[in-house]
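Open the model in your viewer and keep the selection tool ready. The tour below goes stop by stop.

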Amino acid sequence: MTSGDFDTPGAGPGDGTRAVRAGLPEPVKYEPTLPGPVFAAHFHLPGEPTGPYTYGRDENPTWTHLERAIGELEAPGEDGVETLAFASGMAAISAVLFSQLRAGDTVVLPDDGYQVLPLVREQLTAYGIEVRTAPTGDDAQLGVLGGAKLLWIETPSNPGLDVCDLRRLVAAAHAQGTLVAVDNTLATPLGQRPLELGADFSVASGTKMLTGHGDLLLGYVASRNAGLMAAVRRWRKIVGAIPGPMEAWLAHRSLATLQLRADRQTANALAVAGALRGRPEVSGLRYPGLPDDPSHKVAAQQMRRFGCVVSFSLPTRARAERFLDALRIVDDATSFGGVRSTAERRGRWGGDAVPEGFIRFSAGAEDPEDLVADVLRALEESAE
Ligand SMILES: *Cc1c(COP(=O)(O)O)cnc(C)c1O
């Protein structure tokens, strides 16, 4: 799939153009195109303390450029979108949940989402917030939505790669006054645009494919609703979950290659999934980009790229470990979305309801022939 496939003709620049120019300030003679990181705890501020830049926990010019860039990718051509950068994906997720929910409120979470959500659930419950959960697949969260203040969606879910119908869930939630937040980490804004599909918040970890080099942690929240965002901003200020200027700058620099990385990594994921398909030792293969994947039909209605994560199981834990050991250009590491392929046996962490031989594979930007050859060789070598 190319970046133009889902773009309406005449709807403005394509993804590649947008990515390389996102968030750049107006050119200033003798200044760099992307201004360097601004390291400042405080700014010169004589007289009345009006913004934009007062104290380094509230605002920073390097964040401003990055936040504009992410906003332009999450909602191209829209002026009213506000984006806030955070120290990590979890900082961004916590900011939405804890700024929007009060004791007595109900929130619906996925029960097959990111592995830290159960800890979040414990904390929400301790604050008197009722938490209901349901799986991502088959839009099962609809069944427990009644009376909820907020619906939290993760699609595709990590690591099971189930997909739910965003438009359908948003319509049902909004019909009863429920807010909707979507974790857009796996897809990135070039893969899926939750705000255009009706969500109130698009939230993500920038640690994964958004920045793609495995060298920084970052998170963000984007929304069109200024009132909701005022509470998120206040939360960032009182908790202090702010990104460092260097991380923010590195992230912005990395966005320039997002379309190149996303296209290559998505194509590589499809190539790996295609090679694993039909292998006798592989079961439970999932990739939303495979035409016969259970998620494909819904994914194709709402996604523009299907991400770089492929999941599957090998028969036993020992076989999975031998497979991971035998890989040469795929690192055994957690996380996903980087330019270097990684894979891990997910069960080593506990927490995810997955088989012992379950592998989460993140396709990087290597040449597809090399990557597929490495995977097939490792499968052969790991056989007893
Ligand atoms: C990694 C991840 C997070 C958390 O992001 P951090 O940057 O590690 O805090 C949240 N949601 C999903 C889907 C993730 O993969």
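Is the crossing of H8 and H11 left-handed or right-handed? The crossing is right-handed; the term applies when the near helix is turned clockwise from the far one by less than a right angle, and left-handed when anticlockwise.

Before selecting anything, note that this is a predicted model, where local features need pLDDT of at least 70, side-chain atom pairs count only at pLDDT 80 or more, and totals for chains, interfaces and linings use all residues. Residues are numbered from 1 along each chain as its sequence is written, and side-chain values use heavy atoms, with hydrogens and water left out.

**Stop 1: the helix pair**

Select residues 258–276 for helix H8 and 368–382 for helix H11. Helices (H or I, at least four residues) and strands (E, at least two) are DSSP runs, numbered from the N terminus. The axes of H8 and H11 come within 9 Å and cross at roughly 35°. Axes are lines fitted to C-alpha atoms, for helices over the stretch in contact, with angles from 0 to 180 degrees between N-to-C directions.

Now show the side chains. On H8, the contact (heavy atoms within 4.5 Å) is made by Arg264, Asn268, Ala271, Val272, Ala275 and Leu276. On H11, pick Pro368, Leu371, Val372, Val375, Leu376 and Leu379. These contact residues divide into 10 nonpolar, 1 polar and 1 charged. Ala, Val, Leu, Ile, Met, Phe, Trp, Tyr, Cys and Pro count as nonpolar, Asp, Glu, Lys and Arg as charged, and the others, Gly among them, as polar.

**Stop 2: the ligand**

Select the ligand next. How many residues surround the ligand? There are 14 (a heavy atom within 4 Å), and the closest are Met90, Asp183, Ser205, Thr207 and Lys208. The shell divides into 5 nonpolar, 6 polar and 3 charged residues. Helix H3 (residues 89–100) gives the most, with 3 residues.

A polar backbone atom of Gly89 is 2.8 Å from a ligand oxygen. An N or O atom in the side chain of Asp183 is 2.7 Å from a ligand nitrogen. A polar side-chain atom of Thr207 lies 2.6 Å from a ligand oxygen.

**Stop 3: the loops**

Go to Pro52, in the loop between helix H1 (15–21) and helix H2 (61–74). The peptide bond from Gly51 to Pro52 is cis, with omega near 10°.

Technical notes
Polar contact = N/O pair within 3.5 Å; in protein donor to acceptor, adjacent residues only side chain to side chain.
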